[in-house]
Amino acid sequence: EMERARKRKKFESKPVEARKEGDEGDWIHFPSLAAASRETGVPNGSIASLCTLQGCHTGWCFRWPGAQKLERSTPPRRVELPADETEAILRRLRAMSAEERRGALAAMPEGTRKELMRHLKQ
């Protein structure tokens with residue numbers, strides 16, 4: 001009985017809330033991590049940790065439903081990667097399959113992704 005209850009809990013959907021980064025309006029409620037992933041384009045595997053941290057990814061911020069805003073003790077610093085390190089990261093990303101690349105980018109800190117995008121636009 002305990003095993004069946006544990007399996008059922010594992011497959012229950014976890015509701016989350018999201019909104020566009022910088023938007024101070026209402027949070028959008030999603031019935032599950034998968035639904036939030038489909039609607040926002042953020043990888044499903046990243047959303048739970050983003051909710052816990054109340055973090056943002058590719059323009060979307062996430063939290064667990066009803067969570068109070070976390071106070072940040074220090075403002076996030078801008079990551080400035082040396083050009084050679086940036087090039088090395090880009091070479092590794094280009095050598096990956098598209099699926100691996102998406103996962104690697106999703107796992108990177110937001111600041112690193114932004115620095116890579118800034119480098120590519122130059």
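This is a predicted model: local features need pLDDT of at least 70, side-chain atom pairs count only at pLDDT 80 or more; totals for chains, interfaces and linings use all residues.
Strand E1 spans residues 16-20 and is mostly covered. Four of its five residues are buried.

E1 pairs with two strands. With strand E2 (residues 28-30) the sense is antiparallel, over three bridges. Here Val16 stands opposite Phe30 in E2. With E4 the pairing is also antiparallel, over four bridges. There Arg19 stands opposite Cys61 in E4. In a regular strand, side chains alternate between the two faces of the sheet.

## Helix H3: a buried face

Helix H3 covers residues 44-53. Its buried residues are Ser46, Ile47, Leu50 and Cys51. Viewed down the axis of H3, these fall within an arc of 135 degrees, so they line one face of the helix. An α-helix has 3.6 residues a turn, so residues three or four places apart point the same way.

Several elements cover the buried residues of H3. They include E1, helix H2 (33-40), E3, E4 and helix H5 (98-107). On the other side of H3, Gly45, Thr52 and Leu53 are exposed.

Most residues other than glycine have a negative phi. Gln54 sits in the loop between H3 and strand E3 (56-57). Is Gln54 buried or exposed? Its relative accessibility is 16%, and buried means under 20%, so Gln54 counts as buried.

Thr58 also has a positive phi, near 45 degrees. Thr58 lies in the loop between E3 and strand E4 (60-63). At 47% relative accessibility, Thr58 counts as partly exposed.

## Helices H4 and H6

Helix H4 (residues 83-94) packs against helix H6 (residues 110-121). The angle is about 95 degrees, and the axes are 11 Å apart. Angles of 65 to 115 degrees count as roughly perpendicular, and therefore H4 and H6 are roughly perpendicular to each other.

Which residues of H4 and H6 meet? From H4 come Thr86, Glu87, Ile89, Leu90, Leu93 and Arg94. From H6 come Leu116, His119 and Leu120. The residues of this contact divide into five nonpolar, two polar and two charged.

Notes:
Residues are numbered from 1 along each chain as its sequence is written. Side-chain values use heavy atoms; hydrogens and water are left out. Buried means under 20% relative accessible area, exposed over 50%, partly exposed in between (1.4 Å probe, protein chains only). Two strands pair if DSSP finds at least two bridges between them. Axes are lines fitted to C-alpha atoms, for helices over the stretch in contact, and angles run from 0 to 180 degrees between N-to-C directions. Angles under 35 degrees count as roughly parallel, over 145 as roughly antiparallel, 65 to 115 as roughly perpendicular and the rest as oblique. Contact means heavy atoms within 4.5 Å. Ala, Val, Leu, Ile, Met, Phe, Trp, Tyr, Cys and Pro count as nonpolar, Asp, Glu, Lys and Arg as charged, and the others, Gly among them, as polar. The arc is that of the directions from the helix axis to the C-beta atoms.
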